[in-house]
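Q: I am new to this structure and would like a close look at a single part of it. Could you walk me through the disulfide and what lies around it?

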Amino acid sequence: MCGPGAPSVGSSAAPSSTTASVAAPEASASPAKDGVAILGTAGGAGGGARPCAAYSVTSQETVPFTYVVTFSFLSDSGQALGNVTETVPAVAPGRTVRGTVTASDLPGDAAGGSPRVRVVKVRGVPTAEAPVVGGTCPPSGVRVYADEGDAAMGLRVVGLHLENCGTRPYPLDGYPRVELRDEDRDRVSGVSILQGGAAVAAGTGADGPPRSIVLKPGERAYATLVWRNTVASVTNEPVNAPYARVWAKPGAAPVMVTPEFDLGTTGKLGVGPWKKDEAR
């Protein structure tokens with residue numbers, strides 16, 4: 001059945017989800033996607049149990065990787081019922097981790113017959129560079145992560161957030177350094193990283209002069225990333241860069257976030273200065 005996900009023999013970590021269902025999983029026809037495979041499904045079929053799936057994540061990297069996997073639960077007709085995102089931390093090189101994912105927001109009979117699940121998207125970053133939202137404070141003394149952003153009429157705005165979770169003041173001065181990475185986490189060329197967002201759009205929060213700020217323990221700061229997904233050229237290929245490697249300041253440890261940059265053919269990304277988050 002789709003019970004608590006136990007790591008396979010030799011695995012380095014267990015996934016974040018440990019939910020359960022009462023039915024035995026059925027074989028899945030879904031092929032592996034980027035190292036993630038659906039092993040079987042259960043639930044649904046009017047039995048009251050919510051749809052779930054057993055899955056495995058296999059890492060072919062050379063260092064421990066943390067994966068964020070988006071699963072889509074489908075009806076018998078193939079209609080998407082909802083997506084669920086799972087984080088699988090610190091998978092060691094060459095290891096396989098098994099777990100389960102449950103569509104907790106869907107009623108048990110939402111999938112009609114046997115549930116169908118497919119892997120929509122897999123994002124992986126070196127565990128040493130994984131963004132941290134809560135929990136134990138990293139050795140750097142700061143947590144850095146990106147929010148889900150906002151999109152309207154082709155304009156994209158994403159916030160970078162930094163929290164001083166350490167015991168000492170943390171000074172910031174100017175702009176974070178941002179380096180775009182493609183699906184293979186290779187550097188993306190041909191995109192101008194601009195200081196400030198005025199060259200992209202006004203009123204996004206990525207404007208204003210850089211200022212020196214000092215974050216006391218527990219205080220936070222943010223910087224804004226802004227771009228457009230306009231495709232205005234038939235000769236240039238649109239740029240899609242899922243990842244960004246971010247340095248909060250010179251000498252800081254890098255953090256890799258996944259804002260899913262769909263830059264079209266604009267060739268530019270605006271990066272706002274660090275600002276103290278007075279509301280937090």
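A: Here is a walk from the protein as a whole to the disulfide, then to a neighbouring residue in the sequence, and finally to some strands elsewhere.

Please keep in mind from the start that this is a predicted model. The mean pLDDT of the protein is 85, with 83% of residues at 70 or more. One stretch calls for care: across residues 4–29 the pLDDT falls below 50, although the model gives this stretch 79 contacts beyond near neighbours in sequence. Where pLDDT is low, predicted coordinates should not be read in detail.

With that said, let us get our bearings. The protein has 280 residues, and 47% of them are buried. Its secondary structure consists of 20 strands and zero helices. Of the contacts between residues at least 6 apart in sequence, 69% join residues at least 24 apart.

Now to the part you asked about. The structure holds one disulfide, and its two ends are Cys 137 and Cys 165, with an S to S distance of 2.0 Å.

Are the two cysteines buried or partly exposed? Cys 165 has 18% relative accessibility and therefore counts as buried, because the cut-off for buried is under 20%. Cys 137, at 25% relative accessibility, counts as partly exposed.

Next, turn to Asn 164, which is found in strand S9. At 2% relative accessibility, Asn 164 counts as buried. Its side chain reaches two backbone atoms: the backbone nitrogen of Gly 166 at 3.0 Å, and the backbone oxygen of Leu 215 at 2.9 Å. Leaving aside residues up to four places away in sequence, Asn 164 touches several others, including Gly 141, Val 142, Pro 169 and Tyr 170. Also among the residues that Asn 164 touches are Lys 216, Pro 217, Gly 218 and Glu 219.

Strand S6 belongs to an open sheet of three strands, in the order S4-S3-S6 with antiparallel pairing. Strand S4 (80–91) and S6 stand at the edges with a single partner strand each, so one side of each has no neighbour in the sheet. From one strand to the next, the twist averages 15°. Strand S3 (residues 65–74) pairs with S4 in the antiparallel sense over nine bridges, and Phe 73 has Gly 82 in S4 as its bridge partner.

In strand S11 (residues 177–181), four of the five residues are buried, so the strand is mostly covered. S11 pairs with strand S16 (residues 243–247) in the antiparallel sense over five bridges, and there Arg 181 stands opposite Tyr 243 in S16.

Terms used. Residues are numbered from 1 along each chain as its sequence is written. This is a predicted model: local features need pLDDT of at least 70, side-chain atom pairs count only at pLDDT 80 or more; totals for chains, interfaces and linings use all residues. Side-chain values use heavy atoms; hydrogens and water are left out. A disulfide is a pair of cysteine sulfur atoms within 2.5 Å. Buried means under 20% relative accessible area, exposed over 50%, partly exposed in between (1.4 Å probe, protein chains only). pLDDT is the predictor's confidence in each residue, from 0 to 100. Contact means heavy atoms within 4.5 Å. Helices (H or I, at least four residues) and strands (E, at least two) are DSSP runs, numbered from the N terminus. A polar contact is a pair of N or O atoms within 3.5 Å; within protein, one must be able to donate a hydrogen and the other to accept it, and residues adjacent in sequence count only if both atoms are side-chain atoms. Two strands pair if DSSP finds at least two bridges between them. Axes are lines fitted to C-alpha atoms, for helices over the stretch in contact, and angles run from 0 to 180 degrees between N-to-C directions.
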